[in-house]
Amino acid sequence: MTKTIAFANNKGGSGKTTTCANVGYSLSAMGKKVLLIDGDMQLNLSLSFFTEDEVLEFASGEKNLYMAIKGERDLTDYVVPTPYENLDLIPSSTLMSSIEFDLFTKWQREMILSRGLQKIKDSGVYDYILIDAPPTLGGWVMNILVAADEVILPVEASPWGLFGVANMFEFLDNVKKLSPNLHLMGVVITKMDVRKNYGKQTLEVLHQFEEVNVFDTIIRVDSEIEWAQDNSKPVMVHKKSARSAGEYMELAKEVDKNARRSR
């Protein structure tokens, strides 16, 4: 059974896209068939696997998420194979900046992405569909969460990393009124700098939230992540021995374990 997981946080800079990209690649390296969906106008998830020229070609053409959502189409025809085995992508477009306006007049607008994914999910081709949500709380993010079974919330280990987390939890509660089976799989700590105390403070605050799972794996600060992004590659492909490559693989194993438990 296909498991759909949204990576969401209303605060930018949380490591959300990086986590989605590298967990997705790690799952595919484990032999899982994975579909990634770039739901953000910034195109960063797409840029994690394709060159800038390739991404701009997707974004300016017909084969991107914006065109599919605007036309309320089946997403099957918008899947693009990545250079990596078991890993496909539905790329984004800068036109996603107007998606809230485009959704406004549509019937059952909160369900459009869910309907577009139904054929793919029913086919059972993929073990996982991972969706990168933009750092906002609006109708489009609600669309993403309604289409998801699980949510992973990356939180940066910094003084401002926790800003807005309570709002995110409240938003998830509101989405559950439309999609009662939506489940918060957990919070993952990102950009941890072991030389500073922010990480410990972040963990202490998160553990104060009742019934919120915090993943055991913590993603520490690693310059290899930025080098990998600069080369449009997952960090494990860029440098398999990188500390963050091992951490993302461990996180992917945790995600897979949690997902299998809830199937």
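Four aromatic pairs occur in this predicted model. Rings of Phe, Tyr and Trp (its six-membered ring) pair if their centres lie within 6.5 Å; planes under 30 degrees apart count as stacked, over 60 as edge-to-face and the rest as tilted. A pair of aromatic rings is described by the distance of the centres and the angle of the planes. Two of the pairs are set out here.

| Pair | Centre to centre | Angle between planes | Class |
|---|---|---|---|
| F49 and Y84 | 6.2 Å | 70° | edge-to-face |
| F50 and F58 | 5.2 Å | 85° | edge-to-face |

The F49 and Y84 pair links distant parts of the chain, 35 residues apart. F49 sits in the loop between helix 2 (44-47) and helix 3 (52-60). Y84 sits in the loop between strand 3 (80-81) and strand 4 (87-90). Helices (H or I, at least four residues) and strands (E, at least two) are DSSP runs, numbered from the N terminus. Ring pairs also bring in Y25, giving a cluster of Y25, F49 and Y84.

How accessible are these rings' residues? Buried means under 20% relative accessible area, exposed over 50%, partly exposed in between (1.4 Å probe, protein chains only). F49 has 3% relative accessibility, so F49 counts as buried. Y84 is buried too, with a relative accessible area of 16%. F50 counts as buried at 7%. F58 counts as buried at 18%.

Helix 1 covers residues 16-29. Of its 14 residues, 13 are buried, so helix 1 is largely enclosed by the rest of the structure. Its expected span (1.5 Å times one less than its number of residues) is 20 Å, and its end C-alpha atoms are 20 Å apart, which agrees. G31 follows helix 1, with a positive phi near 95°.

Helix 6 (residues 112-123) packs against helix 7 (residues 139-147) at an angle of about 30°, with the axes 8 Å apart. Axes are lines fitted to C-alpha atoms, for helices over the stretch in contact, and angles run from 0 to 180 degrees between N-to-C directions. Contact means heavy atoms within 4.5 Å. From helix 6, I112, L113, S114, L117 and K121 meet W140, N143, I144 and A147 in helix 7. By class, this contact has six nonpolar, two polar and one charged residues. Ala, Val, Leu, Ile, Met, Phe, Trp, Tyr, Cys and Pro count as nonpolar, Asp, Glu, Lys and Arg as charged, and the others, Gly among them, as polar.

Residues are numbered from 1 along each chain as its sequence is written, and side-chain values use heavy atoms, with hydrogens and water left out. In this predicted model, local features need pLDDT of at least 70, side-chain atom pairs count only at pLDDT 80 or more, and totals for chains, interfaces and linings use all residues.
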